[in-house]
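Reader: Can you walk me through the charge pairs and ring contacts in this one? Keep it quick.

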Amino acid sequence: MTKNISTTIRAGYWNPNNKKWNNVGSVGYAKLSRVNENDNVYEAKWNNDNANINRNNQKFPSPFVACEHCCEPVLVIGFLFNLHIYMDQLLLDIFQAYYDARCNKRNTISQLEFEMDFEHELFQLHEELSAWTYKIWSSICFIISDPVKREVFASSFRDRVVHHLVYNYIYDFFDRHFIHDSYSCRLEKWTHYGIRRLDHFIRSCSQNYTKDCYVLKLDIQWFFMNIDKKILKQKITEKLTDFQNLSVNKERLLHLIYQIIDHDSTQEYVFRWHISDYDWLPKEKSLFYVWTGKWLPIWNLTSQLFANIYLDDFDKFMKYALWLKYCGRYVDDFSIIHPDKEFLKLLLPQIKQYLADKLQLTLHPNKIYLQHYSKWVRFLGAYLKPRRTYIHRRTLWNFKKKMKWLVGGLDIKDELNVINSYLGVLRHGRNFTVRKKILDTLPNFVFDEHFICWSIK
């Protein structure tokens, strides 16, 4: 924009998915004058004959408006004849983070409570972040027992919006620096990709199952509980310092990241479970017994990304210092394939020393597996054998257990969602006969009334 410009102001709804305006209509002719030479704040002087915002002639129906001479959304604050229009990328980023956070969460209680007045909440969040007064709200603490007993500190939906905001700012930068075979919390990877890569490694190392090769599987003991916050912040600061193309103030972003890392969920929380469940939870798995200056809440989106950042140097040590061609990692589980069994045995002291010296982590003594590839190789919820892959028996057992509860217990739409969800997971392995037997337990009317055409692939 120039210093002074005459333009037509249009009101509408900004769609963050396709980056376009919806329901845009002309709301008046205005002359924009820059308030300050050093920023993008403009004062709008309206032509009273053309200005007609709504029937009450009071406020804009939408907080966003578009100018004919602007290619980006513009925010309007104030009343009809006393307005300031300014470009605010942070607010747009907050709205985008909100849409990302609510994806697949539209029916949760915390999301519904937030959505009742989400525009007010997002504007308030914008004011706090702009003024550096943002504070993290209390978490919800509860215990889960499937697949293992674990303590969970779930952040409020408002804080999850901030997590997505930080994630959107830094993910692309860090993702370019990760090795290819780091699978967790990365686009187009995750568990199924890790399983396929392990199968590819075994095929390549064994020359299509004609040579011997061995699989070494390792696990980091109580990984999230032992992440050193000081080391993590040092790694993030060093890497972000060299990043020149950030769309947000770097100092503000680092302050927000430090605030998320340093937050202690045990100081302010709401407990929504029976207190007697702690009798069966090991102290090593509870945040109430960890050392000060360590641990990250496992269920936060930022914690998953921070875990990859924390172990990035370890991944590169494995790939480039130890020259391990066939190795991959998913969070704290990693596997190494090599034709020499004795070579894999010699790796263990070097890996243990690096984890202890550089990251203050230790390997789990009871989860070190070294075996021939022809044996059952269990990795990321699957069993791998030559030329075939099977889904873990625990998943099959959960599917059978769900099927017993489904008919008559839930709404039919929920039943179909559960069935399709499990079928989508099971189709990644050789489970045709098992899937057919489980589906045969359903009454015929379920398929006759709710499936147009169904088949098992």
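**Salt bridges and rings**

Author: Start with aspartate 313 and lysine 235: their side chains meet in a salt bridge, 2.6 Å from N to O. A salt bridge here is a side-chain nitrogen of Lys or Arg within 4 Å of a carboxyl oxygen of Asp or Glu.

Reader: Which helices do aspartate 313 and lysine 235 lie in?

Author: Aspartate 313 lies in helix α9 (residues 312–321) and lysine 235 in helix α6 (residues 229–241), so the pair ties together parts that are 78 residues apart in sequence. Helices (H or I, at least four residues) and strands (E, at least two) are DSSP runs, numbered from the N terminus.

Reader: What sort of model is this, and how are residues numbered?

Author: This is a predicted model: local features need pLDDT of at least 70, side-chain atom pairs count only at pLDDT 80 or more, and totals for chains, interfaces and linings use all residues. Residues are numbered from 1 along each chain as its sequence is written, and side-chain values use heavy atoms, with hydrogens and water left out.

Reader: Back to lysine 235. Buried or exposed?

Author: Lysine 235 counts as buried, at 11% relative accessibility. Aspartate 313 is partly exposed, at 29%. Buried means under 20% relative accessible area, exposed over 50%, partly exposed in between (1.4 Å probe, protein chains only).

Reader: How many salt bridges in the whole structure?

Author: The search finds 12. One of them joins arginine 329 to aspartate 315, with the closest N and O atoms 2.8 Å apart. Arginine 329 lies in strand β11 (residues 327–330) and aspartate 315 in helix α9, so this pair links parts 14 residues apart in sequence. Arginine 329 is buried at 2%. Aspartate 315 is buried at 4%.

Reader: Which residues are joined into one network by shared partners?

Author: Asp181, Arg197 and Lys319, through salt bridges that share partners.

Reader: What does arginine 102 form a salt bridge with?

Author: Glutamate 115, at 3.3 Å between the closest N and O atoms. Glutamate 115 lies in helix α2 (residues 109–115) and arginine 102 in helix α1, so the pair ties together parts 13 residues apart in sequence. Arginine 102 counts as buried, at 17% relative accessibility.

Reader: How many residues of α1 are buried?

Author: 11 of its 14 residues are buried, so α1 is largely enclosed by the rest of the structure. Among them are Leu90, Asp93, Phe95 and Tyr98.

Reader: New topic. How many aromatic pairs?

Author: The structure holds 18. Rings of Phe, Tyr and Trp (its six-membered ring) pair if their centres lie within 6.5 Å; planes under 30 degrees apart count as stacked, over 60 as edge-to-face and the rest as tilted. Tyrosine 183 and tyrosine 193 are edge-to-face, 5.9 Å centre to centre with 65° between the planes. Both tyrosine 183 and tyrosine 193 are buried.

Reader: And what about tryptophan 376 and tyrosine 383?

Author: Their ring centres are 5.4 Å apart and their planes at 85°, so the pair is edge-to-face. Tryptophan 376 is partly exposed, at 46%, while tyrosine 383 is buried at 11%.

Reader: Which residues form the aromatic cluster?

Author: Tyr98, Tyr99, Phe114, Phe118 and Phe157 form one cluster.

Reader: Where does the charged end of lysine 229 sit?

Author: Over the ring of tryptophan 295, 4.7 Å from its centre. Lysine 233 has its charged end over the ring of tyrosine 258, 5.5 Å from the centre. The test is NZ of Lys or CZ of Arg within 6 Å of the ring centre and within 35 degrees of the ring normal.
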